[in-house]
Amino acid sequence: RRGATQGLAAILALGAAPPVLAQSKTVLKLGHLANEDNTWHKACLKFAEEVAQRTNGALEVRVFPNEQLGKETDLIKGIQLGTVDFTITGESLQNWAPSAALLAVPYAVKDIAQLDKVVQGKVGEAIADNIEDKTKLRTLCYFARGPRNLTANRVIAKPDELNGLKLRVPNVPLFVKFWDALGAKPTPMAFSEVFTSLQNHTIDAQENPLALIKSASFAEVQSVVNLTEHVISWIYLVGGSRKLGRLPEAQQKAIMEAAKVAQEYERGLFLADEKKLAEELKAKGMKFAEVDKEAYAAKGRPAVAAALSDEIRPLYEQILAT
Ligand code: 2Q2
């Protein structure tokens with residue numbers, strides 16, 4: 001760098017026009033809802049590092065955790081407006097693209113092996129295409145998630161014991177319908193508001209994979225993990241297709257490659273995490289309760305069936321058959 005500056009000084013001294021010394025730098029913003037301890041954040045940092053390396057610093061991805069750049073829904077809109085460039089999102093996209101509901105249908109996907117087959121196969125392709133088509137968000141890579149579990153301050157062994165439990169759900173109409181049918185009172189709310197709302201009892205419960213339960217410190221305000229395992233889902237790292245499409249080909253390729261590296265990297269962290277999360281949460285005082293999963297599944301089934309439109313039902317059937 002010093003050499004270049006000296007060279008520039010020399011040229012200016014000679015009165016010549018300065019040469020273009022370096023490509024101008026483009027800064028891209030990535031916002032997400034998890035905190036710094038979460039594997040999503042670490043994968044985003046990896047993504048940023050890989051993008052910088054593969055573009056010789058011409059592209060800089062700045063990562064903002066904790067909904068610092070906005071709530072999940074705002075981030076999706078922000079990408080559409082061009083004020084944000086990337087986020088991590090999934091089933092909330094059903095508010096724009098109906099097939100995104102299929103990322104998280106209660107009691108559909110049974111394990112990670114099935115999930116990988118679904119995402120990487122024809123169904124996943126159809127979902128990703130539908131998302132890009134309806135939202136102008138391009139899916140760059142995906143992260144598998146652990147099963148969603150219902151946390152509360154009591155054991156809820158079967159849905160009949162929900163008794164109007166005030167439950168926070170993300171902004172996902174399918175989740176609202178499912179929990180409503182089970183007998184809870186689901187309220188959509190942004191992730192960044194959940195901790196405080198549990199603390200001041202605006203809500204009594206929430207449901208999420210153990211990874212987010214841990215990184216968001218819900219153990220401080222929830223005593224029981226009810227092992228409902230009601231949703232096994234994945235989530236996408238997405239970027240705005242219009243803005244990305246205007247970048248030079250080589251930079252677009254660098255972004256896609258960096259995303260693949262981030263995906264692999266996240267999977268390693270995720271698998272390591274899954275082995276220890278339950279013990280870590282128990283050490284923080286949470287009690288783990290086995291529940292009647294069959295009763296949860298059975299009571300929710302009609303609502304799930306009714307929530308899936310004819311348009312996406314064939315894809316749903318294909319998921320079940322995978
Ligand atoms: O509880 C949350 O906010 C997340 O686990 C959500 O499931 C997730 O962010 C979805 O809203 C994905 O679109």
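The protein has twelve helices and eleven strands; helices (H or I, at least four residues) and strands (E, at least two) are DSSP runs, numbered from the N terminus. Its radius of gyration is 22 Å, close to the 20 Å that the globule rule gives for 322 residues, so the protein is as compact as a globular protein of that length. The radius of gyration is taken over C-alpha atoms, and the globule rule is 2.2 Å times the number of residues to the power 0.38. This is a predicted model, in which local features need pLDDT of at least 70 and side-chain atom pairs count only at pLDDT 80 or more, while totals for chains, interfaces and linings use all residues. Residues are numbered from 1 along each chain as its sequence is written.

**Overall build**

- Taken along the principal axes, the box filled by the C-alpha atoms of the protein is roughly 85 × 45 × 30 Å.
- Of the 322 residues in the protein, 43% are buried. A residue is buried if 20 or more other C-beta atoms lie within 10 Å of its own, exposed if 12 or fewer, and partly exposed in between, with C-beta atoms placed from the backbone.
- Among contacts in the protein with a separation of 6 or more, 76% come from residues 24 or more positions apart. Two residues are in contact if their C-beta atoms, placed from the backbone, lie within 7 Å.

**The nonpolar core**

- The largest nonpolar core has 89 residues. Such a core is a set of buried Ala, Val, Leu, Ile, Met, Phe, Trp, Tyr and Cys residues joined through C-beta atoms within 7 Å.
- The residues with the most contacts inside this core are F47, V51, V61, A100, L102, W234 and L237.
- A100 touches G90, E91, L93, Q94, I127 and I131, if residues up to four places away in sequence are not counted.

**Helix α4**

- Helix α4 covers residues 112–120, and its buried residues are L115, V118 and V119.
- Seen down the axis of α4, these buried residues fall within an arc of 90°, so they line one face of the helix. The arc is that of the directions from the helix axis to the C-beta atoms.
- The exposed residues A113 and Q120 sit on the face of α4 turned away from its buried side.
- The cover over the buried residues of α4 includes α5 (122–135), β4 (137–144), β10 (234–240) and α12 (313–321).

- A144 is in strand β4 and counts as buried because it has 22 C-beta neighbours inside 10 Å. Apart from residues up to four places away in sequence, A144 touches I112, L115, W234, R267 and F270.
- A101 lies in the loop between β3 (86–89) and α4, and counts as buried with 26 C-beta neighbours inside 10 Å. Leaving aside neighbours within four places in sequence, A101 is in contact with E91, Q94, L174, L308 and I312.
- A101 and Y236 are 135 residues apart along the chain, and their C-alpha atoms are separated by 13 Å.
- V63 is in strand β2 and is buried, with 22 other C-beta atoms within 10 Å. V63 is in contact with L30, H41, C44, L45 and A48, leaving aside its neighbours within four places in sequence.
- From C-alpha to C-alpha, V63 and L30 are 4.8 Å apart in space, and they are 33 residues apart in sequence.

**Exposed residues**

- A321 lies in helix α12 and counts as exposed, with 7 C-beta neighbours inside 10 Å. The C-alpha atoms of A321 and I255 are separated by 33 Å, with the two residues 66 apart along the chain.
- Most residues other than glycine have a negative phi.
- N56 is not a glycine and has a positive phi of about 50°. N56 is in the loop between α2 (39–54) and β2 (59–64), and counts as exposed with 10 C-beta neighbours inside 10 Å.
- N163, also a residue other than glycine, has a positive phi near 45°. N163 is in the loop between β5 (148–152) and β6 (166–169), and counts as exposed with 10 C-beta neighbours inside 10 Å.

**Around the ligand**

- The residues that surround the ligand are L33, E72, T89, G90, E91, S92, P170, V172, F191, N208, L212 and I235. A residue is near a molecule or strand if its C-beta atom, placed from the backbone, lies within 6 Å of it.
- The shell around the ligand has six nonpolar, four polar and two charged residues. Ala, Val, Leu, Ile, Met, Phe, Trp, Tyr, Cys and Pro count as nonpolar, Asp, Glu, Lys and Arg as charged, and the others, Gly among them, as polar.
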